[in-house]
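This briefing goes through one protein model, from its overall make-up to individual residues. Please keep the sequence and the structure in view while reading.

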Amino acid sequence: MGFRCGIVGLPNVGKSCLFNALVQSDAAVSANYAFSTVEPNLGRIAVPDDRLAEIAALAESAKITPTQLDFVDIAGLVQGASRGEGLGNQFLAHIREVDAIAHVLRCFEGDDVDRAGSVDPVADAETVETELMLADLDSLARRLEPLVKKARGGDKDAIAMRDMVERAAAVLEDGRPARDLQVEKDEEKLFDRMQLLSAKPMLYICNVDEDAAAEGNAHSARVAGWAAEKAAPSVIISAAIEAEIARLEDEDERRDFLQTLGLAETGLGRVVRAGYDLLGLITFFTAGPTETRAWTVPRGTRAQDAAGKIHTDFARGFIAAETVAFADYVECGGELGAKEAARMRREGRDYIVRDGDVILFRFNV
């Protein structure tokens with residue numbers, strides 16, 4: 001599991017340009033592992049992680065397999081999408097299928113602004129958020145009447161859902177997205193059943209000119225402040241630079257190109273890290289002579305459940321997880337050195353997997 005991230009934005013913000021650049025960039029360096037464009041608006045790409053190569057070198061692995069994520073280039077949005085205007089219905093349907101929303105905002109100047117006035121990324125962000133909230137209110141209104149009828153008959157499930165719908169509607173009517181609703185742990189499944197669009201975690205991508213790619217500009221600074229007030233992450237990226245990177249097949253060329261621009265990593269890397277933080281995802285590794293592989297799981301995952309990610313038999317016959325932290329694995333020169341230095345631990349089924357763990361699962365079926 002990686003994650004499925006929907007890329008949205010108003011016209012002329014660089015949304016499709018960014019999607020194409022990210023997918024092509026990955027395709028150019030994906031010779032050793034699977035890459036595919038599953039359908040015209042869906043790109044499945046490898047999650048960049050420098051730790052993989054280090055682990056593989058020490059394990060003398062014949063193959064490296066990164067974890068993957070899907071980027072979905074969602075149909076263009078216009079004001080009124082919640083009422084089905086433009087490609088609104090298609091837009092809203094695709095949003096329901098993603099884990100998170102990456103909202104591309106125009107943070108560069110130009111003559112092709114598709115709205116009245118000057119470039120205003122915060123106003124654009126609010127337009128999209130409003131459309132999602134209006135669609136949610138419409139969805140909740142259609143749900144409520146049948147729930148009220150069932151609740152009158154004493155249906156406990158209907159009563160619980162009716163109360164959840166009313167609470168969510170109150171938040172939306174107050175001008176706040178559904179993700180602001182306070183939901184207890186035992187209510188999460190009920191909340192998720194509503195499939196509210198404005199409940200999706202949101203990541204803001206500030207698309208800037210090439211000369212602002214390293215530090216951003218006044219527009220991206222406004223977005224960063226606005227997003228911080230909403231406890232949402234924002235990332236600075238230049239679609240134009242990502243397109244240039246996509247044309248470079250040699251990794252050393254890419255690295256040199258980034259250094260000349262004052263960038264430590266590609267925009268894809270920054271987007272992925274922000275997305276993982278947003279969704280609470282971590283990566284653990286398995287390594288051996290045949291393959292070094294990255295696996296993505298939610299933060300807080302038990303060792304037995306992580307084993308099941310690899311194969312159901314691993315979970316069913318779980319005995320132990322022989323675990324070493326990435327830093328210790330590298331410092332000790334691999335698995336054998338980690339064992340000799342007593343850095344490899346034997347953990348039970350309830351061990352909480354940590355980001356960077358290199359794990360050898362023991363099982364018997």
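This is a predicted model: local features need pLDDT of at least 70, side-chain atom pairs count only at pLDDT 80 or more; totals for chains, interfaces and linings use all residues.

The structure holds 2 cavities of 30 Å³ or more. The protein chain has 365 residues, of which 48% count as buried, and its secondary structure comes to 14 helices and 13 strands. Among contacts between residues at least 6 apart in sequence, 68% join residues at least 24 apart.

**The second largest cavity**

- The lining of the second largest cavity is made up of Ala 287, Glu 322, Tyr 329, Glu 335, Met 344, Val 358, Ile 359 and Leu 360.
- Strand S13, which runs over residues 358-363, provides the largest share of this lining, with 3 residues.
- Sorted by class, the lining of the second largest cavity has 6 nonpolar and 2 charged residues, and no polar ones.

**The second largest pocket**

- The second largest pocket has a volume of about 750 Å³, and of the 22 residues that line this pocket, Asp 99, Asp 192, Ala 199, Pro 201 and Leu 279 are the closest to its centre.
- Helix H6 (residues 188-193) gives the most to the lining of the second largest pocket, contributing 3 residues.
- By class, 13 nonpolar, 2 polar and 7 charged residues make up the lining of the second largest pocket.

**Nonpolar cores**

- In soluble globular proteins, nonpolar side chains tend to be buried together.
- The largest nonpolar core in this model has 51 residues, and Phe 71, Tyr 204 and Ile 205 are the ones that touch the most other members.

**Helix H8**

- Helix H8 (residues 239-246) is largely enclosed by the rest of the structure, because 6 of its 8 residues are buried.
- The buried residues in H8 are Ala 239, Ile 241, Glu 242, Ala 243, Ile 245 and Ala 246.

- Asp 357 lies in the loop between strand S12 (345-347) and strand S13, and with a relative accessible area of 2%, which is under the 20% cut-off, Asp 357 is buried.
- Leaving out residues up to four places away in sequence, Asp 357 touches Thr 283, Phe 284, Phe 285, Thr 323, Val 324, Ala 325, Arg 345 and Tyr 351.
- With Tyr 351, the contact involves a polar pair, in which the side chain of Asp 357 meets the side chain of Tyr 351 at 2.7 Å.
- Asp 357 and Asp 328 are 29 residues apart in sequence, while their C-alpha atoms are 9.5 Å apart in space.

**Ala 303 in helix H11**

- Ala 303 belongs to helix H11 (residues 303-310) and counts as buried at 0% relative accessibility.
- Apart from neighbours within four places in sequence, Ala 303 is in contact with Phe 318, Ala 321, Gly 348, Arg 349, Tyr 351, Val 353 and Phe 361.
- For Ala 303 and Ala 321, a separation of 18 residues in sequence goes with a C-alpha to C-alpha distance of 6.7 Å.

**Lys 15 in helix H1**

- Lys 15 is placed in helix H1 (residues 15-28), and its relative accessible area of 9% makes Lys 15 a buried residue.
- The side chain of Lys 15 reaches the backbone oxygen of Ile 74 at 2.9 Å.

**Residues with positive phi**

- Glu 60 is not a glycine, although its phi is positive, at about 50°; Glu 60 lies in the loop between helix H2 (51-59) and strand S4 (64-65), and counts as exposed at 66% relative accessibility.
- Ala 231, also a residue other than glycine, has a positive phi near 60°; Ala 231 is located in the loop between helix H7 (218-229) and strand S8 (234-237), and counts as exposed at 72% relative accessibility.

Notes: Residues are numbered from 1 along each chain as its sequence is written. Side-chain values use heavy atoms; hydrogens and water are left out. Buried means under 20% relative accessible area, exposed over 50%, partly exposed in between (1.4 Å probe, protein chains only). Helices (H or I, at least four residues) and strands (E, at least two) are DSSP runs, numbered from the N terminus. On a 1 Å grid over the protein atoms alone, a cavity is a set of points where a 1.4 Å probe fits but cannot get out, and a pocket is an open set with protein on both sides within 12 Å along at least five of seven lines; lining residues have an atom within 4 Å of a point. Grid points are joined across faces, edges and corners, and a volume is the space filled by probe spheres set on the points. Ala, Val, Leu, Ile, Met, Phe, Trp, Tyr, Cys and Pro count as nonpolar, Asp, Glu, Lys and Arg as charged, and the others, Gly among them, as polar. A nonpolar core is a set of buried Ala, Val, Leu, Ile, Met, Phe, Trp, Tyr and Cys residues joined through side-chain atoms within 4.5 Å. Contact means heavy atoms within 4.5 Å. A polar contact is a pair of N or O atoms within 3.5 Å; within protein, one must be able to donate a hydrogen and the other to accept it, and residues adjacent in sequence count only if both atoms are side-chain atoms.
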